[in-house]
Amino acid sequence: MSRGSRPFHKKRHGDLTHIGEVVEAIFAQPSYPVDLEDMKLWKLWDEAVGAEIANHARPSSIKKGVLVVKVSDSVWLQELEFRAQEIIERINSVLQREAIRKIRFRVGDLKGRHPEG
């Protein structure tokens, strides 16, 4: 088997894989591992939920219409659970499609958190 035809995930330990092979293998799959349109949410999060929520919650992952959001503490987790349907509607409005059907909130580290104040 030639080097170019070997799948990127079957390389011997220590072999490097050209990024072009990785991208080609991803796009050769029948369905992408992520919906590229859903990834817009990370850029539009602040606009979708507003500054107050954005200071205490950040999107973590999306899979099959389920958004996982990390929140700063249990108080915000409870508040956002009460407002989940409103947040889903706002996100879908900003994304201009029904991308999110459910949100799961988890207390965790907020990467990319805006400074308060």
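The protein contains five helices and three strands, taken as DSSP runs (H or I, at least four residues, for helices; E, at least two, for strands) numbered from the N terminus. Along the sequence these elements follow the pattern α-α-α-β-β-α-α-β. The model is predicted, with local features requiring pLDDT of at least 70 and side-chain atom pairs pLDDT 80 or more, while totals for chains, interfaces and linings use all residues. Residues are numbered from 1 along each chain as its sequence is written, and side-chain values use heavy atoms, without hydrogens and water.

In helix H2 (residues 40-49), the buried positions are Leu 41, Trp 45, Ala 48 and Val 49. Viewed down the axis of H2, these residues lie within an arc of 95 degrees and therefore line one face of the helix, the arc being that of the directions from the helix axis to the C-beta atoms. Lys 43 and Glu 47 are exposed on the face turned away from the buried side. After H2 comes Gly 50, with a positive phi near 90 degrees.

The cover over the buried residues of H2 includes helix H3 (51-54), strand E1 (57-63), strand E2 (66-71) and helix H5 (84-95). Trp 45 is in contact (heavy atoms within 4.5 Å) with residues including Gly 50, Ala 54, Leu 67 and Ile 91, not counting residues up to four places away in sequence.

Key: Buried means under 20% relative accessible area, exposed over 50%, partly exposed in between (1.4 Å probe, protein chains only).
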